[in-house]
Amino acid sequence: MDLFTKCFQPSMADEVRQRGIYPYFHALESRQDVEVIMEGKRRIMLGSNNYLGLTTDPEVVEAGIHAFERFGSGCSGSRFLNGTLELHLELEAELAAFLRKDSVVTFSTGFQSNLGIISALVGRTDYMICDRENHASIYDGCRLSFGKMLRYKHNDMADLEAQLQKVPDTAGILIVTDGVFSMGGDIANLPEIVRLARQYGARVMVDDAHGLGVIGEGGRGTASHFGLEDEVDIYMGTFSKSLASLGGYMAASERVADYVRHNSRPFIFSASITPASCAVALTALRKLERHPELVTRLRALSAYAREGFRKRGVRMRESIADVPTPIIPLYTQDVVNTLATAKRLYDAGVYVNPVLPPATPAADCLLRTSYMATHTEALLDEAMDIIAAGIGG
């Protein structure tokens, strides 16, 4: 059989293109901001992870320009060899201090960070135990390792304990969870995860891609939110969300970080973060440190949006967290209705992200909306009015 046979078979993408509701690869013609020009028309952006709105901040943009001029366009090598700039070391040191961990290792992307961390630490006789709603990069990191993966029902601590009980006493255990879950916007039950980890001799890793800049003291993330910074062994995060850049990181003890630096194939064999991306992330981090009110503003707007949807009768996934996160999923049920609704909203001037299987069950598809500290209440009201009319469509 020809390897490419599968490429020519009918697909869901073909079907939705024919229906005129294909939702992907819309081209931006402006900066990533609260309002964008996309395919020639103004759209209110409710689909970005630019949580603090720093992608257009003049100081952040200027830092990228200066780094480009000083260091050039790229590093042309891995961190192991010629690809370490003083900027990388500066970013790692300041981020470690901000997160109150001994050391930080930076990776070229957030996705690569999970691949690099998990595959380096988990060996053939070890186990990874994952929340079922963890990000795809965590699952791929588990596949890249040689250990055995077990999964527990989303935020179900009884099921987590049941999985822990399956692990032989001789095996190492890494419990991996999103801090703020990327689709639902809910927060991991970290106090109970930490308690069970202590009881069963496991280590804990939190993917805080959607937690940094969002929750915790000054935006320090999920462990800070629960006062458990000393109890979480590894933080993973990205620069492509709150820090307005590209790249990822691991924060851990010095010995663990050093082990990953010397054993992580995705780290060793990848080119380092570009100078401009590094400088932008560092400047955004400093901005976050100086302006914790950005985090407060983001929370207030997230709460405002949730209350606005309730008033308009828009069905959403209610948050059980005591702090509102800037991810609000709206129920649209089946695939076709989800895509058709996303298209109506897009045409009416609001960009949202449709979430389809395998990210959700077939009957529980969502429109994922997300918010920035730089939105205004007036802009959110305009967007919510459009959404309320479009979902009823």
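Disulfides, pairs of cysteine sulfur atoms within 2.5 Å, number zero in this structure. This is a predicted model, in which local features need pLDDT of at least 70 and side-chain atom pairs count only at pLDDT 80 or more, while totals for chains, interfaces and linings use all residues. Residues are numbered from 1 along each chain as its sequence is written, and side-chain values use heavy atoms, with hydrogens and water left out.

Select Cys130 and Cys142 to begin: the sulfur of Cys130 has its closest cysteine sulfur in Cys142, at 3.6 Å, which is too far for a bond. Cys130 is buried (under 20% relative accessible area, with exposed over 50% and partly exposed in between, for a 1.4 Å probe and protein chains only), at a relative accessible area of 0%, and Cys142 is likewise buried, at 3%.

Turn next to the cavities, sets of points on a 1 Å grid over the protein atoms alone where a 1.4 Å probe fits but cannot get out, with lining residues having an atom within 4 Å of a point. A search of the whole structure finds two of 30 Å³ or more.

For the largest cavity, of about 80 Å³, select residues including Ile21, Tyr22, His26, Tyr346 and Pro354, which belong to its lining. Helix H13 (335–348) and strand E11 (350–351) each give two or more residues to this lining, and H13 provides the largest share, four residues.

Finally, select Arg79, Thr106, Phe107, Ser108, Gln112, Phe267, Ser270, Ala271 and Ser272, which line the second largest cavity, where about 40 Å³ of space lies.

Technical notes: On a 1 Å grid over the protein atoms alone, a cavity is a set of points where a 1.4 Å probe fits but cannot get out, and a pocket is an open set with protein on both sides within 12 Å along at least five of seven lines; lining residues have an atom within 4 Å of a point. Grid points are joined across faces, edges and corners, and a volume is the space filled by probe spheres set on the points.
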